Amino acid sequence: MIDLNSYLNVVNKKVIEKNVDEAFNNQISKNALIIDIREPDEINSGSPTNAIRISKGMLEMQIGQIVSNPEIELFIMCAAGKRSLIASYSLIQMGYKNVFSVKGGFNAWKNKSLPFEIPKKLNSEDFERYKRNILVPEVGEKGQLKLLNSKILIVGAGGIGSPVALYLAATGIGTLGIIDDDIVDKTNLQRQILHSEKSVGKSKVMSAKKRISELNSQINVIEYNKRITKENIEIIISNYDIVIDGTDNFNTRYLINDACVKLKIPNIHGSVFLFEGQFTTFWPSSKVEDAPCYRCLYPLPPPPEIAPSCAEAGVLGVLPGLIGVLCATEAIKIILGLENMVGKLMVYNALSMDFETYKVENNKNCEYCGCQGTEKYPEYSDYSESCTI
Ligand SMILES: [Zn+2]
């Protein structure tokens, strides 16, 4: 019979140990995976950000479902670095070629102040509240957790932003950012269903937060009672997984596009005019081939004399509602990793009730998409205001 220390000595000769700094650096720069093999009750107090969590007892059973490439670098982590030695040895025997045991484990990771997160869990209230989501096979418990952990920024608490905010809050998107510097006007109430008669004269983001909290008090609503500018846009949007552009303002649309292309954030875009609405997702860095950005379709804003003045243009009140629901659906699907509207533009005509979908490709000469890979993006443009809604 062999004692534990003798066995660890044997294993130690077969397994390479690496320190937490290397594990972190390779996770960021080489897409190496950190596998946290501690038990669920240990993980409750924190685990490296974006680590894969499989308890040691399930490791051999589950690793193949997650890591199919035997060449990928795997950094195995436990609390102090002993269990990870044994687990690494097991994975090497299974045929994984680049397995390393993380020296000092999660204790060392925390001591070095490397980033970690406390994984959220569904509690019994969540199971009840989101039961109808969870029953959808493409969502399930895992999908609902993803939704609860996601962060979506809604630009504009208006006609499109209203249904977006309400449905995303209802569905359990954990964090909703809402940016708008406007106040609620009586003429808004015909379509902007986030607001009520009592909100007239008050800030739109305050009104939105109140309504969302009444619907779902679990949602973390972050208010930005300001205009998005070239100075603040990167600081704001870099905190979010998805941006939904519900503005009807060319200046802001180009700014959102340019920053989302640069920061590789999906930009869901909806717009309406009279009886027509359209929506798509601009995400040139996605896996979709030849995915366009907003500038691929519209390289420059129209001259102010031909741009419709939104203050004067009519819009059927229900139309932004429908486009907003499409935008919210798209956001949920992107979070869940399901099919999306990248490279496709949907146009809806509320008179004929026709939905038409067109393929849209990137423009090889686009000055923004063309910069991907070089990381040398043009400065943000400063267009004069064309129109706001
Ligand atoms: Zn482009």
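Buried means under 20% relative accessible area. I keep that cut-off at hand for the cysteines below. The model I am reading is predicted.

**Entry 1: the zinc site**

I looked up what holds the zinc ion. Its protein donors are the SG atoms of Cys 293, Cys 296, Cys 366 and Cys 369. They lie 2.2 to 2.3 Å from the zinc ion. I then checked the geometry. The angles among the 4 donor atoms run from 95 to 121°, and the site is tetrahedral. In sequence, the donor residues follow the spacing C-x2-C-x69-C-x2-C. Cys 296 sits in helix H14 (residues 294–297), while Cys 369 sits in the segment after strand E15 (354–359), so this pair ties together parts 73 residues apart in sequence. Are Cys 296 and Cys 369 buried or exposed? I found Cys 296 buried, and Cys 369 buried too.

**Entry 2: H10 and H15**

Next I took helix H10 (residues 161–171) and helix H15 (residues 318–336). Their axes come within 8 Å and cross at roughly 40°. H10 is therefore oblique to H15. I noted the crossing as right-handed. On the H10 side, the contact includes Pro 163, Tyr 167 and Leu 168. On the H15 side, Gly 321, Gly 324 and Ala 328 are among the residues making it.

**Entry 3: H4 and H5**

Last, I turned to helix H4 (residues 59–66) and helix H5 (residues 83–94). The two pack at an angle of about 55°, and their axes are 11 Å apart. That makes H4 oblique to H5. H4 passes H5 in a right-handed crossing. Leu 59, Glu 60 and Ile 63 of H4 make the contact with Ala 87, Ser 90, Leu 91 and Met 94 of H5.

Note on methods: Residues are numbered from 1 along each chain as its sequence is written. This is a predicted model: local features need pLDDT of at least 70, side-chain atom pairs count only at pLDDT 80 or more; totals for chains, interfaces and linings use all residues. Side-chain values use heavy atoms; hydrogens and water are left out. Donors are N, O and S atoms within 2.8 Å of the metal (3.2 Å for Na, K and Ca); water is not among the atoms, so sites may look incomplete. Four donors count as tetrahedral if all angles lie between 85 and 135 degrees; four count as square planar and six as octahedral if opposite donors are over 155 degrees apart and all others between 65 and 115; anything else is irregular. Helices (H or I, at least four residues) and strands (E, at least two) are DSSP runs, numbered from the N terminus. Buried means under 20% relative accessible area, exposed over 50%, partly exposed in between (1.4 Å probe, protein chains only). Axes are lines fitted to C-alpha atoms, for helices over the stretch in contact, and angles run from 0 to 180 degrees between N-to-C directions. Angles under 35 degrees count as roughly parallel, over 145 as roughly antiparallel, 65 to 115 as roughly perpendicular and the rest as oblique. A crossing is left-handed if the near helix is turned anticlockwise from the far one by less than a right angle, and right-handed if clockwise. Contact means heavy atoms within 4.5 Å.
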